[in-house]
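Please view the sequence and the model together before reading on.

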Amino acid sequence: MMSTPLVSVVTPTKRRPELLYRTMLSVAQQSYSNIQHVIVGDDCPDLWNVATVYAQQFPQALIVNVCSNYNDPCTSTYRAARTARIRNIGIKLATGKYIAHLDDDDTYDVDHIARLVAVLESDPTLGAAHSYRKIFERDGTPHIIKHHLWLPADSEEERKEYKRWVEMGNYVPN
């Protein structure tokens, strides 16, 4: 019989409660049930407007909001530092044997956690497991990435694709 260690899913969020709901639903619908979902709000007072409802619907969720301390350089407007700080707070609150990350605008396939835990539990020498991602357009159709967004765009088509991703909010340049 396979063990079922606790998995903590850490989700940073900022002012996107409708997307967060979809994310929380995907965690709650996992075929693997021993999950703690740690949601860390990045100075988002609107999180408290939905936290009570979400906590009732998703009892495995721990929802916290971190207020900015403007004297702390990690709470500056530098997005990468802010996001890292929020993720690290989530990791500190996590109690699971394994930590998984899931942004507030993403979802998991129903067997995502079960598959990763099975791999990790099958070989105690493994320190981490990773999976592939699928990206969809807003209308639900699959998106084919033609160019890695972190590399310079070589053609006009690639520059348009980069701009479209930024406008959709799927990619935020730092």
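L120 has its place in helix α4, where helices (H or I, at least four residues) and strands (E, at least two) are DSSP runs numbered from the N terminus. The model is a predicted one, in which local features need pLDDT of at least 70, side-chain atom pairs count only at pLDDT 80 or more, and totals for chains, interfaces and linings use all residues. Residues are numbered from 1 along each chain as its sequence is written, and side-chain values use heavy atoms, with hydrogens and water left out.

**Residue L120**

- L120 is buried because its relative accessible area is 10%; buried means under 20%, exposed over 50% and partly exposed in between, with a 1.4 Å probe and protein chains only.
- Not counting residues up to four places away in sequence, L120 touches Y98, L126, A128 and A129, a contact being heavy atoms within 4.5 Å.
- Between L120 and Y98, which are 22 residues apart along the chain, the C-alpha atoms are separated by 9.1 Å.

**Nonpolar cores**

- L120 and Y98 both belong to the largest nonpolar core, which has twelve residues in all; such a core is a set of buried Ala, Val, Leu, Ile, Met, Phe, Trp, Tyr and Cys residues joined through side-chain atoms within 4.5 Å.
- At least two residues of this core come from each of β1 (7–13), β4 (98–101) and α4 (112–122).
- The most is given by α4, with three residues.
- Another core, of eleven residues, lies apart from this one and includes M24, V50, A61 and I63.

**Overall make-up**

- The chain contains five helices and four strands, and their order from the N terminus is β-α-β-α-β-α-β-α-α.
- Of the 174 residues in the chain, 36% are buried.
- Among contacts between residues at least 6 apart in sequence, 67% join residues at least 24 apart.

**Sheet and packed helices**

- Four strands form an open sheet in the order β3-β2-β1-β4, with parallel pairing; two strands pair if DSSP finds at least two bridges between them.
- β3 (61–66) and β4 are the edge strands, each pairing on one side only.
- On average, neighbouring strands of the sheet are turned by 20° against each other, direction ignored; axes are lines fitted to C-alpha atoms, for helices over the stretch in contact, and angles run from 0 to 180 degrees between N-to-C directions.
- β1 and β2 (residues 35–42) run parallel and are joined by seven bridges; S8 stands opposite Q36 in β2.
- Helix α1 (residues 17–28) lies across β1, β2 and β3 and runs at about 165° to β2.
- Helix α2 (residues 47–57) also packs on the sheet, where it touches β1, β2 and β3, and its direction makes about 170° with that of β3.

**Residue S26**

- S26 is found in helix α1 and counts as buried because its relative accessibility is 7%.
- The side chain of S26 reaches the backbone oxygen of T23 at 3.0 Å.
- Leaving aside neighbours within four places in sequence, S26 is in contact with L102, T107 and Y108.

Definitions and conventions
Polar contact = N/O pair within 3.5 Å; in protein donor to acceptor, adjacent residues only side chain to side chain.
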